[in-house]
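Here is a short tour of a structure, written to be read with the model open beside you. Take your time and turn the view as you go.

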Amino acid sequence: MGEGMTFVRRFVDLVALGSDHPISRLIAYYIGLGLVILALAYFFPESERLLLGRGAAAPAETPLILEDGLTPAPAATTLGAGSLLELAVTTTLVLIGTILLMLPVTWVYMSARHIPGHSQAVVQTLIILPLVVAGIVLIVRDSLALAFTLAGVVAAVRFRTNLRDTRDVVFIFLSIAVGFAAGMQTLAVGAVLTITFNFVLLLTWRYDFGRNVLTPTAASKWAGPLNSLANTGEYDAVPDRDLVLSLSPKSADSLAERFERVSEVLGKRKKKARFTSVLTITTNEVADAQPLVEYVLEDKAKRWKLDEVVTNTGKPSAIYYLLRLRKSVTRDELLTAIRDNAGEKIENADLESRDAIEEEIGASA
Amino acid sequence: MKLLRAVATLAAATAIASACQRRGEISEAEASELASREKRLAARVAALAVDTSGGAVLARWVLPAELKEISGLAVTANGSLLAHNDEQGRVFVIDPRRGVVIKQFMVGKGDLRGDFEAIAVSGADIFLLLSNGTIYRFREGADGEGVPYTIVDTKLGRECEFEGIAIEAAGEVVVLPCKNVAKKSLRDQLVIYRWDLGGLASQRASMLTVPLARLIGPNGWKSLHPSDVAIDPVTKNYVLIASQEKALIEITPGGEVVRAGPLPEPSEQAEGVAITSDGILAISDEGNRQRATITLYRWPLVPVPLGIVSPPPGPLESR
């Protein structure tokens, strides 16, 4: 299975020219699937009938020798005419076809989501459910008696599941529909259904269709900080939402360092943070201002650490400190003391506390 | 690699299945089987030529899924059977002696759908009947071909619901027995319309009525709902079957009852009847719980049932 998936992935990579864009990869997959079906139909014409069925209205090929009803013959089953081998091959092809149709649906389910994370159970259900439905339809087919029996059995088996995302229900419905199509040997219908579904879903996700205009987009939330990050001189601005992908290695490193600093402020999981605040000093005289500020920190902070000195040309440099204030010292007292001690040497002093940072993160989430 | 191996195995299985199910040509073994079928049928016909018990089965052919809902039957000049299902305008040509679907062709471009109930043949023309009395007229086509058609609207749909059609050999007179009659005053009658395709517009339809009491007799039927009609090529009598009552009726064109009794075999849903010129009665059975079939019987069923005295026929009305 793993090798198979690797093969599929490589093929998709090849056809999609290595693109990570979901729509490109989906198109690549369907091209591959189409080629496989064409090859099957070319080399084994019978497989087209078995797979796609063409419905019950498809004309039988002629001449067709009819079964002699007077000579003893195996009792007809509700599965219809055909040899046992044909039945087995048909069922196998139908089930494989169902899996091949549902695979991209699971990819879309896993990737095109607004709510972070997905349910593995739903993903597996999307593969398994249509197989079961197809099997049931293959068995029941035109038998009213079996249909009633099935209804009775299903009524006896009760299960209820709460789905996190209401859209998951749509996926479940889709998998049932594909199962029905497969069971009726009209996989062409299932194929059109899933292809349309996948692309429509991807496009609605891609363009955030139906978004309330008053709600800020993810892009707008990140535009400010990412723009300032990108605006390092090398690039003026990157207005695209794929900004992160377009960052230069240098910018990416810078972003990573800042995230690390915030992470250090917030502390590791279930571990008390060593530092609770970030002190930012902007100054044109870094060498002079630094000892004056640190003199105050020795007095007012329980612990502190010089995090980074960012030297700028044409605008004030920045000195970042990580610190934990003494319980008796407030933010204002610290900033007042710094301005008193190093007022002439610094342009500005600002203190971001852990609570404020967490509040900001919570608001943006 | 395992997946590739699985795909290769599947492809091989498909190839085997394809080979097993290869159609479009008849192998030597199949040709031999068909020849023996023909011989068997001939032997049975010969054996039954002196048999007067009636109802003996000559052959029974199990139909493909496409004819699961077989509706009408008709015999062509060369002895082939024409059959169709009740939803699609597609006609199957069947060799009844060998049990082979020789070909099939579509009425129109293949997407013609309707409540098709019966089929009849007159010379080169084929007539396909809708339950509302509308008739599609066309010629036999090649295998897979769509044939052009013309529509004849008898406008009899308001009078009754039809399920059977036959053509009187004397001319272009269509025989249409009513399955369900609209007029209350005629509900105790078997109503058969005759529609003259070449007559004057005002004189095209005439009606033959036979009191149901005369037909039902000792059979215990509550009513009679003919599901198809055929014309005996020898006597020119009307031979009707009724699916609901599982009845087989034979009356003369003048309305005299020749035979009124049960079908040769209790069938699930007898929908079509045809009689060949060499004395074979074909009845199609939709077979609700089983697969659809065409069963061949020796015709006439002999002997004519006794005890039923044919009353004078009902009035022959002109419309």
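This is a predicted model: local features need pLDDT of at least 70, side-chain atom pairs count only at pLDDT 80 or more; totals for chains, interfaces and linings use all residues.

Residues are numbered from 1 along each chain as its sequence is written, and chains are lettered from A and ligands numbered from 1 in the order in which they are written.

Chain B holds three helices and 23 strands; helices (H or I, at least four residues) and strands (E, at least two) are DSSP runs, numbered from the N terminus. Of its 319 residues, 41% are buried, meaning that 20 or more other C-beta atoms, placed from the backbone, lie within 10 Å of the residue's own.

Five of its five residues are buried, so β17 is largely enclosed by the rest of the structure. B:Tyr238, B:Leu240 and B:Ala242 lie on one side, with B:Val239 and B:Ile241 on the other. The table shows its two pairings; strands pair if DSSP finds at least two bridges between them.

| β16(B), residues 228–231 | antiparallel, four bridges | six | B:Lys236, near 65° |

Elsewhere in chain B, four strands make an open antiparallel sheet in the order β6-β7-β8-β10. Its edge strands are β6 (116–122) and β10 (149–153), each pairing on one side only. Five bridges join β8 (residues 134–139) to β10, and B:Tyr136 has B:Ile151 as its bridge partner there.

Now for the cores. A nonpolar core is a set of buried Ala, Val, Leu, Ile, Met, Phe, Trp, Tyr and Cys residues joined through C-beta atoms within 7 Å. The largest has 85 residues, and B:Ile119, B:Phe127, B:Ile165 and B:Ala282 touch the most other members. Apart from it lies another core of 23 residues, including A:Met102 and A:Val178.

Finally, in chain A, the axes of helices α12 (residues 286–300) and α13 (residues 331–342) come within 9 Å and cross at roughly 140°; axes are lines fitted to C-alpha atoms over the stretch in contact, and angles run from 0 to 180 degrees between N-to-C directions.

Notes: A residue is buried if 20 or more other C-beta atoms lie within 10 Å of its own, exposed if 12 or fewer, and partly exposed in between; C-beta atoms are placed from the backbone.
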